[in-house]
Amino acid sequence: MSNKKMYGFVAFLVIAATILSACGTATPTPAPTAAGSTEVEVFSWWVGPGEADGLAAMIKIFNADYPSIAFVNAAVAGGAGTNAKAVLATRLAAGDPPDSWQAHAGQETIANYVAAGQVLPLDDLFASTGLTSVLPATLLPLISQDGHPYSVPVNIHRSNVLWYNPKVLAAAGVTANPKTDFATLDAFFAVCDQVKAAGKICLSLGAPWTAIHLFENIMIGTIGAAKWNGLWTSPPTTDWAGADVTAGIANFAKALSYTNPDASTLSDWQTASKMVSDGDAAFNIMGDWAYGYFANAAPNGLALTPHTDFDWAVAPGTYGVFNFLSDSFVLPVGAKHPDAAIDWLTVAASKAGQEAFNPLKGSICARTDCNQALFSEYSQDAAKDWTSNVVVGSLMHGVVAAPAWATSIGTAIGLFQTDTTQTGSFQVALVAACAADGTCK
Amino acid sequence: MFRKFTLRVPVLCLALVLIIVGAVCVVVLEKTQLIIAGKNITSIAILLCGLVFYAGIVLIISMFENETMLSIALLLPSMVAVAIFVYGFIGWSIRVSLTQWKGLNPNYAWAGLKQYYLLFNNNPRFVIDVRNTGMFTVGFILGCLIIGLGLAILLDQKLKGEALFRGIFLFPMSISFIASGVVWGWLMNPATGNRITGLNLIFQKLGLDSLISLWHSTPQPWGMAFTVLPAVWQLSGFTMALYMGGMRSISDDLREAARVDGASEFQIYQYIILPLLQPVTLSAVIILAHMSLKIFDLIVALGNKAISLDVPGIYMWTTTFDGTNYAQGAAIGVLMLISVAVLVIPYLINNMRTETQL
C-alpha cells in the first residue's frame with residue numbers, strides 16, 4: 001500500500017470512529033430501574049397479517065391500562081417462529097431474557113423453558129386474574145407441570161377440523177353428513193370409497209408436516225381422547241406397543257391410501273386445502289387457521305362462501321373432542337421488569353385482551369367467557385365446543401410431546417409414508433421414540 | 001529485528017490518535033449501546049473501533065520497515081477471525097457431538113461416540129440420507145461433467161456468437177439453489193388430471209403422454225434421481241467454463257502438429273485434448289462433489305423435508321432446530337464435514353506438493 005493510500009484509509013477510519021463514538025455517547029441505554037418499571041419488552045413472532053393486528057390491539061389495551069409503562073414490541077419475523085426461537089435461545093443463553101415471550105402452551109414450554117429453569121410458575125396470576133375458573137378444566141393439566149401452570153394461553157386453535165367441499169360430495173352421490181355421520185373412521189372411509197369411485201381425491205394432504213397433523217387426528221379418532229392422553233403421561237398409561245396404537249396405525253395407513261400421491265411435493269398446507277375448494281378433493285384435515293384462508297378477502301384468503309364453497313365438521317371419530325394448540329406467554333426468571341411483565345400477563349389473560357386479539361388472529365379465546373358476537377361463524381362454533389368438549393393436546397403443534405420426541409415421531413411418520421405396508425416397523429419406531437425421550441422405561 | 005527504525009512524527013501522531021480514539025470508543029461502547037434506526041449495532045461498532053485501534057498499532061509497526069513483521073501484523077486479524085469462526089467452531093461442533101445435549105440448555109455430559117452410534121446403528125433415516133447423497137452426488141457429477149464437456153467442445157469450434165452462448169450457459173449458476181429449487185418444483189409438478197401443470201402439461205399437449213412423470217415424487221429410491229436435474233441445469237455451465245479455460249490453455253501448436261500427422265478432429269480430442277484436460281476434470285469433481293455432499297437448499301425447496309428426499313443437511317436441521325437435539329445434530333454435521341474432508345484434503349495436499357515442486 002502506498003503511503004498516500006494508507007493515509008487516506010487511516011483518515012477514513014478516524015472519521016468513522018469519531019462519528020461512531022459520538023453516536024454511541026449520544027444514545028446511552030436507559031439505566032434499568034429497580035422500582036417503578038418504565039418498560040416491558042415482549043417477544044413474539046406475530047408479524048404476519050391478522051396476528052400483528054391482534055397484537056397491536058392487545059398493546060393498545062395494555063397502554064390504556066398501564067400508561068406509565070412503555071411497551072417494547074420485540075417481534076421477530078420469519079419461518080413461523082423458527083427464527084424467533086433461535087433469537088430467543090441466544091438471548092436466554094446470554095442471560096438477557098425479554099420480560100415475556102411467546103411459546104406454544106404445553107410440552108414445548110415445559111420441556112424447553114420449565115425444564116431449563118428459565119420461567120416461573122404462574123399460580124398466583126391464575127388465581128388473581130380468575131383465569132383458573134374460566135379455562136376448561138381439561139386444559140389445565142396440559143399446560144402445567146406438577147400442578148403448576150407455567151404460561152398464560154392467549155388464543156386457542158383447533159387441530160381436529162375436517163374441511164370439505166359439499167359440491168364434490170353431492171356430485172359423488174354422498175348422502176352422509178360429515179357433521180353428524182362420521183362417528184367412526186370406518187364411516188368416513190366408506191364415504192371415501194364413494195368419492196374415489198367418482199374420480200376425485202378423497203383426502204387431500206400437503207407438505208410432510210401435515211401428515212403428522214393427520215396422524216394425530218386419525219389416532220385420536222381411533223383410540224379416543226382418554227387413551228390419547230394416556231400416550232403422553234409419564235409413564236404412559238396407553239401402551240405404545242399395544243393393540244390401540246396398532247389399530248390407529250392401520251387407520252392412518254388406510255387414510256394415507258386416499259390421499260393425493262404428490263402430497264410431499266406440495267409446498268405447505270394451503271395447496272392441500274385449496275384442492276378442496278377447487279373441487280379436486282373432497283376432504284382435508286387441517287387446523288382452523290384454514291378458515292381464514294378460505295373465507296378472508298384476497299390477497300390473504302380465497303374469499304369463499306361458507307357452507308356452499310366449503311364447509312367444516314369435527315374430524316372423523318373425534319366428535320366431542322377438542323384437539324387444541326395455543327400461543328401463550330411466560331414469566332421469565334431474571335426478567336428486567338418483573339412487575340411490568342406481570343402487568344402484561346394480566347392483560348394477556350384478561351377478557352378485554354383476548355377479545356381484542358383473537359377475532360383479528362382468527363383464533364378463539366382461551367377463556368370461555370368471551371363475547372361471541374365479536375367472532376366469525378366458525379369461531380363461534382369452535383368456542384361452543386371449547387366450553388363443552390374434552391380438551392386434548394396436539395402433537396404436531398407442541399402441546400403433548402417435547403420437541404425432540406415430536407421430531408422423532410415426525411421422522412417415523414415420514415419413513416412410514418415412503419412405504420405404508422411397514423406398519424410393524426412404524427410401531428417399533430414409535431416405541432423407540434418414546435423410550436429415547438425417557439418417558440417410556 | 002529492530003535494526004531499522006525511522007521515526008516519522010506525523011505517522012506517530014496519527015498512530016497515537018488512532019490508538020486513543022479506538023480505545024476510548026471501545027470503552028464507551030462497552031458501557032452504552034449504539035442504536036441507529038432501531039437497530040442495535042453496538043457489537044459491530046465495537047469491532048470497528050477495535051480495528052481503528054489495531055490500525056494505530058500497525059502504523060507504529062510500519063515504522064520499523066520490517067516487511068515480515070508488517071505482513072504478519074496485517075494478516076493477524078483475519079487469521080484470528082478464521083481460527084475462531086471456522087476452526088474454533090468446528091472444534092466446538094465436535095465437542096458438542098460427544099455430549100448428551102438435548103433441549104435448550106447446554107448439557108456437556110460426556111456421551112462418547114453414542115450420537116454417532118445412534119446414527120449408524122439401525123437408523124433407517126440415516127440410511128436413506130446416505131443413499132440419497134450417494135445417488136445425488138454420482139448423478140450430479142456425471143451430468144455436469146458430460147454436459148459441461150459437451151458444451152465446451154461445441155463452443156470450442158470457434159463459432160459465431162460464442163460469447164453469447166457462453167453467457168447463456170453460465171447464467172443459471174447465478175441463481176441461488178433455493179430459487180431454482182422452487183421454480184423446478186413448479187416445472188416438475190407431478191399432479192395429474194385437471195391439476196396437471198409444468199413439464200407434464202407440455203408433454204400432454206405435445207401428445208408425449210409416455211413422458212409424463214411423477215418426477216421427484218416417484219416412489220423411493222428413484223425420486224431422488226430427479227432432483228439431479230435442476231442441479232445439473234444449474235452447474236453444467238460452470239463445468240463448461242472450467243473445461244473451456246482448460247482447452248484455451250492447450251497450445252494450438254499441439255493441435256497443428258496432430259493435424260500435420262494426419263489426426264482427425266475426433267482423434268485430436270481423443271488423444272490430445274481430453275488427456276490434457278484431466279486436471280480440470282479433477283478440479284471440477286472436487287468442486288461439484290463438495291457442493292453435493294453439503295446440498296440442502298435445493299432439496300428443501302423441492303422436497304419440503306419429505307423423508308424420501310432426505311439428505312444429511314436436512315436431517316441435521318430438523319434434529320438440531322426443530323428437535324432441539326443439539327448433540328445429535330452436531331454429530332450429523334461432523335459426519336458431513338468428514339465426508340467433504342476425505343475428498344478435499346488429499347486434493348489440497350497434492351496441490352501443495354506440486355506447488356512446492358514448482
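Which side chains meet in a salt bridge with an N to O distance of 3.4 Å? In this predicted model, the partners are A:Asp262 and B:Arg195, and the rule finds one salt bridge across the interface of chain A and chain B.

**The interface of chain A and chain B**

- On the side of chain A, 43 residues are in contact with 45 residues of chain B, and the area buried between the two chains is about 3,500 Å².
- Carbon and sulfur atoms give 69% of that buried area, while the count of residue pairs in polar contact between chain A and chain B, with both residues at pLDDT 80 or more, is nine.
- Five helices of chain A, namely α1 (3-26), α3 (82-93), α4 (107-114), α16 (403-418) and α17 (423-437), each supply at least two residues of the side that touches chain B.
- Of the side of chain A that touches chain B, the largest share comes from α1(A), which provides 13 residues.
- Sorted by class, the side of chain A that touches chain B is made up of 22 nonpolar, 18 polar and three charged residues.

**Domains of chain B**

- Chain B is divided into domain 1, which covers residues 9-91, and domain 2, which covers residues 122-357.
- The centres of domain 1 and domain 2 of chain B, taken over C-alpha atoms, are separated by 41 Å.

**Disulfides**

- A disulfide is a covalent bond between the sulfur atoms of two cysteines.
- A search of the whole structure finds four disulfides over all chains, and one of them joins A:Cys192 to A:Cys202 with an S to S distance of 1.9 Å.
- The link of A:Cys192 and A:Cys202 is left-handed, with -70 degrees about the S-S bond.
- A:Cys192 lies in helix α8 (residues 185-197) of chain A and A:Cys202 in strand β8 (residues 201-204) of chain A, the two cysteines being 10 residues apart.

**Salt bridges over all chains**

- Side chains of opposite charge can pair when their charged atoms come close.
- The structure holds 21 salt bridges over all chains, including one in which the side chains of A:Lys85 and A:Glu108 meet at 2.9 Å, N to O.
- This pair links distant parts of the chain, with A:Lys85 in helix α3 of chain A and A:Glu108 in helix α4 of chain A, 23 residues apart.
- Helices α3 and α4 of chain A are also among those that each supply at least two residues of the side that touches chain B.

Notes. Residues numbered from 1 in each chain as written. Chains lettered and ligands numbered in written order. Predicted model: local features only at pLDDT ≥ 70, side-chain atom pairs only at ≥ 80, totals over all residues. Heavy atoms only, no water. Contact = heavy atoms within 4.5 Å. Buried area = accessible area lost by both parts, 1.4 Å probe. Salt bridge = Lys/Arg side-chain N within 4 Å of Asp/Glu carboxyl O. Polar contact = N/O pair within 3.5 Å; in protein donor to acceptor, adjacent residues only side chain to side chain. Helix = DSSP H or I, 4+ residues; strand = E, 2+ residues; numbered from the N terminus. Nonpolar A, V, L, I, M, F, W, Y, C, P; charged D, E, K, R; others polar. Domains from an automatic or database assignment. Disulfide = S-S within 2.5 Å.
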